[in-house]
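Please work through each task before reading its solution.

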Amino acid sequence: MASVFEYAPAPESRAVVDIAPSYGLFIDGEFTEAAGGKVFKTVSPSTEEVLAEVAQASAEDIDRAVKAARKAFGKWSALPGTERAKYLFRIARIIQERSRELAVLETLDNGKPIRETRDTDLPLVAAHFFYYAGWADKLGHAGLGADPRPLGVAGQIIPWNFPLLMLAWKIAPALATGNTVVLKPAETTPLSALFFADICRQAGLPKGVVNIVTGDGGTGAALVSHPDIDKIAFTGSTAVGKAIAREIAGTDKRATLELGGKGANIVFDDAPVDQAVEGIVTGIFFNQGQVCCAGSRLLVQESVHDEVLESLKRRLSTLRVGDPLDKNTDLGAINSAEQLARITALAETGEAEGAERWSPACDLPSSGYWFAPTLFTNVTQAHTIARDEIFGPVLSVLTFRTPEEAVAKANNTQYGLSAGIWTEKGSRILAVAARLRAGVVWANTFNKFDPTSPFGGYKESGYGREGGRHGLEAYLAPSSPEGER
Ligand code: NAI
Ligand code: MG
């Protein structure tokens, strides 16, 4: 069904953000060139336009950054919590003041719709800094001992799907607890982290407390293997997470790993269909499905399958795919040519293995990286698209008859990050949630985030929790008198 109205273009202005032609590394409070002088380009995935050239950090640069963080650690960790909190509150307020600029920047570098960066990413980024600022002077009341100590220097490696939000998840708790950091953003989305470096300067944060090193997987690997890192915090693919776990095995480096997922979104026959359909759409089409906790497997009770699918298809026909800077856009660009190729290949596998593919009619722009919202029905648990993380706007639909079958199918995955339950019965929510092996279970909603709520996985989705009081634990050494270095 075509949309009833045509929308006039409603583009957000690019003029609110000033992107420099090139950026260096942010080490010890200064922007500097990479030791080897190597650079790479970051592009806008919706147009393939080059946005800037960015320094590619080598092992030598990583060493400089770690040394700066180590030097800063002594004074920073010795500051009273109330003083550290002032910096974090200041950063949070600057993020709010600059949120329009940062939202446009993130949309340009990542390809996600401005509606999401403006209404979801940026408010959550600020909220994380406010939340952990509040903890900085109350660490003795976090249930981690009377005087928990910071670990030291944290190496933090983040992905491209929520660049600034993943930075906030990593940096806010680390700083609140008195650690210093070396953070590496993803190679396709380095810009918001570099703007954050400027915010650190604007906030007067002491030199070396936050260091930002840009580069690719090799840069990340150099950070992981640096001998003077006390903790690695990683969000990304399960393959790289496993490589990191192998690399640090036998050292005293701590790690939190937040990896892939294949979340089940379970719709029972008593669920309000219209609300469930909105939740299914949010679950898999938010951020073009490039979300580790996406509801990428729809488990729908057989008796309502046809009704839910009909309603879902009608809803998908109204989604607007296109210019991410347009305020009416629902789905923007896929982040990179590599990711688009991965999604395309997995969708082709779905067809080859016999699942039924459907997409609404939609015109995709001719340049940039695009993938139409896609549904697969007649999917069984043996299908690749029911097992592998696609990390794109592709939903696999399976059915079940009883709650037991729903639970068994939901848990039949190597992952364990998220799940959703749609039902009118409160007792069923509690009974089913208790049996789902997933770090987050949403009930009658999906992809809702809040800094007070811990987030993390089971099985190959990784270990450790980020967010909430639990998120402090990952950056603190409880109760050892000297503090564990
Ligand atoms: P990736 O895991 O390679 O990249 C994530 C981050 O790790 C980037 O900053 C990257 O530079 C860094 N990295 C890469 N190799 C490294 C190494 N050996 N040591 C240390 N750091 C390293 O993910 P990629 O290739 O961008 O995406 C591949 C797939 O991973 C996606 O299709 C998706 O399925 C999954 N993924 C999951 C994410 C999540 O939020 N759980 C985020 C990004 C990707
Ligand atoms: Mg980019």
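**Exercise 1.** At what angle do the axes of helix α3 and helix α4 cross?

*Solution.* The model is predicted: local features need pLDDT of at least 70, side-chain atom pairs count only at pLDDT 80 or more, and totals for chains, interfaces and linings use all residues. Residues are numbered from 1 along each chain as its sequence is written, while chains are lettered from A and ligands numbered from 1 in the order in which they are written.

Step 1. The axes of α3 (residues 99-110) and α4 (residues 114-135) cross at roughly 120° and come within 9 Å. Helices are DSSP runs (H or I, at least four residues), numbered from the N terminus; axes are lines fitted to C-alpha atoms, over the stretch in contact, with angles from 0 to 180 degrees between N-to-C directions.

Step 2. This makes α3 oblique to α4, a class left after under 35 degrees (roughly parallel), over 145 (roughly antiparallel) and 65 to 115 (roughly perpendicular).

**Exercise 2.** State which domains give residues to the shell around ligand 1, and describe that shell.

*Solution.* Step 1. Ligand 1 lies between domain 1 (14-259 + 460-477) and domain 2 (264-450), because both give residues to its shell. The domain bounds come from an automatic or database assignment.

Step 1. Of the 26 residues around ligand 1, the nearest are G217, G220, G236, S237 and C292; a residue counts if its C-beta atom, placed from the backbone, lies within 6 Å.

Step 2. Helices α7 (217-225), α8 (238-248) and α11 (337-352) each supply at least two shell residues. The largest share, four residues, comes from α7.
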